[in-house]
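Please open the model in your viewer and keep the selection tool at hand.

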Amino acid sequence: MTTDFKLRNGHRTRALLHAVSLINAQACKPLYERRTRLLSDIVHCAYQIGTIASERYKTFAEFSSAGLTENTSELEIGALASHLLGYVEIAHTYRSVWGVWLDHCSRPGFLTFQVPEGARNRQPMAGEILSFKRLSEGGQGGSASFLPVATLSWALTTEAPGVETYQTSLKEHVRVLEEEICPAVMAEFIQVPAFVRAFNDCVTYQDIVKIFPAVAKILKADDEQRNDNAVSALLALAG
């Protein structure tokens, strides 16, 4: 006998989250692997830019004694963290309510890159560079933008002499990320609104398993049937 039960919206929500997770893990895997290699190239270029810019200041002990510099081997990737480290998820601004997802699934921004918990916004570099971060945080940037700061945004925009070759490469890496890899990742999720509508049309467990067999791993029929029986028993007691 095949076990079956009527779907609730909570089941549909879990099914869609599982579908998004599978797309990330399978369809997007080659793109994420390419992105990992690109991140390594980005950090390398930023490190070289920081090293070149740092060289002229290393002999000036007064900078460090005045607390203007620090030695650091980590690069802050800042605003690009979600695209460099994140995975596509349903935007956190949408509550896990099926009716909301049904109404908004076709809107731009329903799916976004989200940085996973524990991901490092600071990436290790091959060595240390001088960083005038405290000076830049004090609002004294502008004409001092050539002073090295261990951030990706600084490496992309600095006018420090001698960094042009690495900076050109860095900008190309970022262009590939933003114009090639990220759009290609998002394209893998183009069918998500169709999934939402299809799951919404499913009435029973067997209906949804028929079109999305992988959902059987998270909506275990026996467990769900016991849940339904427990809910029915509570309702009976309440009555």
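Begin by selecting β1 (70-76), which supplies 4 residues, the largest share of the lining of the largest cavity; strands are DSSP runs of E of at least two residues and helices runs of H or I of at least four, numbered from the N terminus. The space they line holds about 40 Å³. A cavity is a set of points on a 1 Å grid over the protein atoms alone where a 1.4 Å probe fits but cannot get out, and lining residues have an atom within 4 Å of a point.

This is a predicted model, in which local features need pLDDT of at least 70 and side-chain atom pairs count only at pLDDT 80 or more, while totals for chains, interfaces and linings use all residues. Residues are numbered from 1 along each chain as its sequence is written, and side-chain values use heavy atoms, leaving out hydrogens and water.

Now select Phe-199 and Phe-212, an aromatic pair (ring centres within 6.5 Å) that is stacked (planes under 30 degrees apart), with 5.6 Å centre to centre and 20° between the planes. Phe-199 lies in helix α9 (residues 192-201) and Phe-212 in the loop between α10 (205-211) and α11 (221-238), so the pair ties together parts 13 residues apart in sequence.

Finally, select Tyr-94, Trp-98, Trp-101 and Phe-110, which ring pairs link into a cluster.

Methods:
Rings of Phe, Tyr and Trp (its six-membered ring) pair if their centres lie within 6.5 Å; planes under 30 degrees apart count as stacked, over 60 as edge-to-face and the rest as tilted. On a 1 Å grid over the protein atoms alone, a cavity is a set of points where a 1.4 Å probe fits but cannot get out, and a pocket is an open set with protein on both sides within 12 Å along at least five of seven lines; lining residues have an atom within 4 Å of a point. Grid points are joined across faces, edges and corners, and a volume is the space filled by probe spheres set on the points.
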